Amino acid sequence: MAKLRITDYLTELKTEAAGLRSVCEPGVLDRVAPSRPDTTVAGILLDLVRLYRWTVDALFAAPSEDRDVAEPPRPEASGKAVLDLFDQSLAAVLDAFEARGPESPAWTWAPVEWRAEFWHRRATVATGLARWDLQMAVGATAPVQVALAADAVTEAFEAFIPVGARRGAHPDATGLVQLFAQDADSTWFVRLREGRVALLDQPDARTELQARAAGSASDIALALWGRLPFGICDVVGDERLLQALRVE
């Protein structure tokens with residue numbers, strides 16, 4: 001299991017947002033990021049605006065099992081208005097982080113404990129991945145910070161995979177997989193059985209691995225989130241099992 005986690009999401013979000021914003025200006029908004037060929041720089045920023053608004057709504061809503069907090073629509077904007085919307089939404093979510101600490105109760109859409117920490121992590125991980133995407137669009141990438149990358153991997157297994165947010169169907173995927181982030185000293189053991197995925201604390205020592213990917217936490221996270229191929233890591237075994245873990 002992962003050992004490294006972020007303890008101060010507010011600081012990390014500020015850092016990642018600053019790195020993201022430093023490469024964004026009106027002249028690059030129409031560029032397509034190689035890691036996100038389905039959208040543009042402007043589209044990635046507007047996706048973050050939507051997530052930030054949802055985060056603020058969820059953090060200040062009274063948690064209720066009878067009522068979900070609806071995801072807002074992605075706003076429509078172009079040109080400098082995109083940057084203005086991003087800056088406004090970022091300021092609002094930073095204020096919300098300060099007002100609603102990680103231990104505060106909060107509704108979530110995932111099968112995790114209903115605490116504000118879910119949204120702190122969600123907004124920070126999404127911003128870190130988007131920062132990497134946008135830097136790719138201008139040719140100036142830096143890896144995802146080690147603890148944030150480890151959190152991105154853990155979030156995929158704790159929140160996204162349990163609700164089916166995977167890239168494609170893999171009904172025949174069966175086997176034991178290990179992901180090892182060397183610089184984070186973090187390991188995730190994952191069992192696939194007929195396409196279903198379970199994160200294990202520790203596998204039976206007698207069980208043989210069918211696939212293993214080792215590399216930096218950044219490379220593991222970026223591969224799992226579909227930004228890079230798993231071939232960027234040191235892969236042993238059936239790479240199709242690693243592909244079956246990719247989330248969106």
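1. A residue counts as buried when its relative accessible area is under 20%. By that cut-off F160 and W225 are both buried. This is a predicted model.

2. The rings of F160 and W225 form an edge-to-face pair, with centres 4.9 Å apart and planes at 75°. F160 belongs to helix α5 (residues 146-160), while W225 sits in the loop between α6 (217-224) and β7 (234-237), so this contact ties together parts 65 residues apart in sequence.

3. There are 8 aromatic pairs in the structure. Another one is W109 with F118: edge-to-face, 5.2 Å centre to centre, 85° between the planes. F118 is buried, at 4% relative accessible area. W109 is partly exposed, because its relative accessibility is 24%.

4. Ring pairs join W54, W107, W109, F118, W119, F160 and W225.

5. Now the largest pocket. Its space comes to about 580 Å³. The lining counts 21 residues, and R36, D47, R122, A126 and E248 lie nearest the centre. By class, 11 lining residues are nonpolar and 10 are charged, with no polar ones.

6. Where does the lining of the largest pocket come from? Domain 1 (9-142) and domain 2 (167-244) each give at least three residues. Among the secondary-structure elements, β2 (36-40), α2 (41-60) and α4 (117-138) each supply at least two.

Definitions and conventions. Residues numbered from 1 in each chain as written. Predicted model: local features only at pLDDT ≥ 70, side-chain atom pairs only at ≥ 80, totals over all residues. Heavy atoms only, no water. 1 Å grid on protein atoms, 1.4 Å probe; cavity = no way out; pocket = protein on both sides within 12 Å on 5 of 7 lines; lining within 4 Å. Points joined across faces, edges and corners; volume = space filled by probe spheres on them. Helix = DSSP H or I, 4+ residues; strand = E, 2+ residues; numbered from the N terminus. Nonpolar A, V, L, I, M, F, W, Y, C, P; charged D, E, K, R; others polar. Domains from an automatic or database assignment. Phe/Tyr/Trp six-rings, centres within 6.5 Å; stacked < 30°, edge-to-face > 60°. Buried < 20%, exposed > 50% of the residue type's maximum accessible area, 1.4 Å probe, protein only.
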